[in-house]
Amino acid sequence: MAAGTEVVVAAWKEWGLRSLVLLSLTVQVTLLILAEFRRHIDSGVLKALAWSAYMVADATAIYVLGHLSVISSRSAEHKLLALWAPFLLLHLGGQDKITAYAIEDNKLWLRHLQTLAVQVAAAAYVISGSSIVRSPLLLPATVVMFMVGVVRYGERVWSLKRAASNPSAGNYKSDIGRRRFNLAVPDSVIRRLSPAEALLLNGHMLLDLAKDRFKGPLPRLFLCGPGNEDSRLRGEEELYKVAEMQLSLLHDVFYTKAEATHTWHGLCVRVLSTLATAVAFSLFNLVLLLGTRHHPEAELKGYSRADVAVTYVLFVGAMVLETSSLLRAMLSSWTCALLVKHGSEGSSLCNSLARVPLCLRRLVRAAEWRRRRSWKRSMGQLNLVQLCVRSRASRYKKMARWMSVEDWWNTVAYSGPSVPISACARKLLLKSMKARQWGREEFESRGLYGDPAWVADSKLDERILIWHIATEIYLFWYKKDLQEQQAEAAADGDGAVELVEVAQALSNYMLFLLASRPHMLPPDASRNDYLVLCYALTNHMRYSTAEDLISLLQRYAEALWANSSAPEFELTCKNTNRRGDKVLRGGCSLGGFLIHHRDSSPGCGTTGTLEMICRVWAQMLCSVAEECSANSHAKQLSSGGELLTVAALVVKYMRSRRLSAYFHIESKRRSEW
């Protein structure tokens with residue numbers, strides 16, 4: 001046992017530091033890969049991997065730098081270790097695709113600034129105390145890489161500061177509050193674009209409006225568009241696609257180095273850092289060449305072969321990462337937008353330069369690839385009936401309750417798979433965004449003021465639960481009625497089927513937000529009623545299947561419709577909690593109203609009731625999107641984004657008189673510039 005321990009200790013002393021340095025490089029490559037996936041995938045496994053890599057990256061580099069400051073000056077054999085210090089600074093600078101894991105990380109830029117000062121001092125101490133300072137070839141290579149590492153780490157801190165800072169907190173200027181819309185993008189540029197590239201470029205040109213909504217009021221807005229009327233995008237469908245593209249761009253703003261990289265200074269840094277890394281690599285290769293020829297003055301004499309191999313791997317890794325960073329920056333849509341914006345102000349050189357990356361991007365279909373991966377493009381789903389039934393039958397329920405994680409476990413384990421946003425749902429949402437929100441007159445005309453709890457005297461969280469229960473009851477009745485009346489179903493056509501799917505999807509999505517994304521609801525929204533209702537339905541009712549439970553709710557709904565003051569049938573979970581009783585009674589009474597709405601409203605068939613349900617859910621979603629805080633929208637961008645954020649962006653455009661006219665949209669929400 002002792003011998004085995006000694007072997008492990010000896011192996012760690014020999015290879016531990018080398019392994020950690022290579023681990024630092026491996027983690028950087030891993031982060032580069034994972035960062036692209038988290039833009040459009042909402043996965044717990046992906047989050048765990050990205051978080052682990054993000055945390056390990058800085059911790060490993062800092063630990064190795066501290067260890068190097070102790071052993072590099074004392075070890076006669078490991079003199080080459082001092083050259084690793086600049087690479088660790090480069091690793092601390094991180095990858096362009098991910099500077100922050102969560103939105104809160106941006107606020108820690110001052111801590112990173114302090115870490116920058118400490119680690120730069122540590123790296124300088126490691127280099128100055130090593131024998132490399134006496135090497136005419138390795139010293140310049142080390143100094144050059146040290147400068148690259150300092151610049152790249154400083155760039156990361158600057159990116160964090162920009163993402164966290166309030167755009168209004170700048171210098172005193174005379175043009176604060178200026179709104180500028182420059183319709184001078186030349187047609188020679190627009191004609192070269194594919195449809196997807198045109199959408200992406202419009203997303204860039206109008207990005208200031210999105211930043212004004214989610215990053216804080218901008219002191220100045222500078223928006224661009226083509227001057228030719230025929231080259232402009234038209235209609236709310238095109239606007240919706242632009243908003244989808246902008247979710248990906250906003251992810252870049254908050255979680256990457258995009259705003260620091262895609263400026264003239266940032267592009268120069270990319271070019272110089274790549275050239276400097278190439279020069280340092282060439283010097284190291286020259287040292288290797290001299291060493292292999294066995295010259296008396298060979299500089300590798302006395303250096304460990306393993307250390308030489310690790311250093312070579314670090315140089316190759318740095319060259320690959322820096323070169324890929326440069327190529328991404330030069331061919332990025334951000335660079336194209338930078339050139340086009342300056343070209344719209346009269347620079348013919350910028351217009352000419354913009355054609356090169358635009359042509360190359362068109363060859364590789366970069367915009368199409370980005371559009372498909374701009375965000376997760378789906379809605380999370382949570383059904384109250386299915387959750388209660390599956391939780392009741394679960395073998396893990398008692399264990400989860402014993403560990404006080406019952407709510408978390410049920411939400412994670414029993415949330416349905418996300419569903420794609422159908423064309424019907426998108427059209428319905430866009431129609432609701434264009435129109436004014438329903439007021440008392442519209443609700444009264446549809447009989448929805450029969451119970452004030454349905455729309456007026458209830459908070460948002462209560463309305464979500466009430467309408468979710470009512471939707472479940474109505475859809476359960478509608479599907480049974482559909483089987484019995486095939487003739488009417490054929491008359492309604494496929495439109496009714498689509499409306500059923502939309503109503504179900506929007507209802508489950510809003511409940512999913514209440515249960516899993518409460519930070520995206522208004523501040524006064526609470527999950528308390530949801531928890532009470534889950535407890536009542538799970539523990540105080542007798543049923544074995546989802547059909548049994550929904551049948552009980554429908555029976556209660558019919559009883560309330562017949563006699564609301566003294567219904568013939570009562571649920572066994574009655575009187576478990578006043579708050580839960582109010583929501584449950586409100587949902588069932590509304591369900592009864594919806595079932596009989598066709599009979600009480602002449603000319604209103606089942607399709608009309610379905611349209612009304614979908615319209616209510618769509619308006620509720622738009623209202624939540626507008627009231628959701630900017631920080632909550634930005635927070636969710638790191639997990640694939642949300643439909644709420646797309647809706648909030650579209651509504652922002654609809655409110656602008658200039659931009660709704662630019663997209664040729666007749667919006668009734670116009671109230672801003």
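Are E322 and R152 buried or exposed? Both E322 and R152 are buried, where buried means under 20% relative accessible area, exposed over 50%, and partly exposed in between (1.4 Å probe, protein chains only). This is a predicted model: local features need pLDDT of at least 70, side-chain atom pairs count only at pLDDT 80 or more, and totals for chains, interfaces and linings use all residues. Residues are numbered from 1 along each chain as its sequence is written, and side-chain values use heavy atoms, with hydrogens and water left out.

**View 1. The salt-bridge network around R152 and K257.** D96, R152, E155, K257, R270 and E322 are linked by salt bridges (a side-chain nitrogen of Lys or Arg within 4 Å of a carboxyl oxygen of Asp or Glu). E322 pairs with R152, with the closest N and O atoms 2.5 Å apart. The pair joins helix α12 to helix α5 (residues 138-164), 170 residues apart. Helices (H or I, at least four residues) and strands (E, at least two) are DSSP runs, numbered from the N terminus. K257 sits in the loop between α9 (235-255) and α10 (258-261). K257 has a relative accessible area of 1%, so it counts as buried. Among the residues K257 touches are G93, T99, R156 and S159; contact means heavy atoms within 4.5 Å.

**View 2. The K97–E36 salt bridge.** The side chains of K97 and E36 meet at 3.3 Å, N to O. K97 lies in the loop between α3 (84-92) and α4 (109-128), and E36 in helix α1 (residues 2-37), 61 residues apart. K97 is partly exposed at 21% relative accessibility. E36 is buried at 16%.

**View 3. The crossing of α26 and α27.** The axes of helix α26 (residues 546-562) and helix α27 (residues 578-595) come within 8 Å and cross at roughly 75 degrees. Axes are lines fitted to C-alpha atoms, for helices over the stretch in contact, with angles from 0 to 180 degrees between N-to-C directions. That makes α26 roughly perpendicular to α27 (65 to 115 degrees). Contact residues include L553, Y556 and W561 of α26, and L584, C588 and F593 of α27.

**View 4. A nonpolar surface patch.** V271, L272, L275, M330, L331, V356, L360, L363 and V364 make a nonpolar patch of about 840 Å². Patch residues have over 30% relative accessible area and no salt bridge; nonpolar side chains (Val, Leu, Ile, Met, Phe, Trp, Tyr) are joined within 5 Å. Helix α14 gives the most, with four residues. L363 of α14 is exposed, with a relative accessible area of 67%.

Definitions and conventions:
Patch = residues over 30% accessible without salt bridge, like charges linked within 9 Å, V, L, I, M, F, W, Y side chains within 5 Å. Areas by Shrake-Rupley, 256 points an atom, 1.4 Å probe, with all protein chains shown as cover. Parallel < 35°, antiparallel > 145°, perpendicular 65-115°, else oblique. Lists of a residue's contacts leave out its neighbours within four places in sequence.
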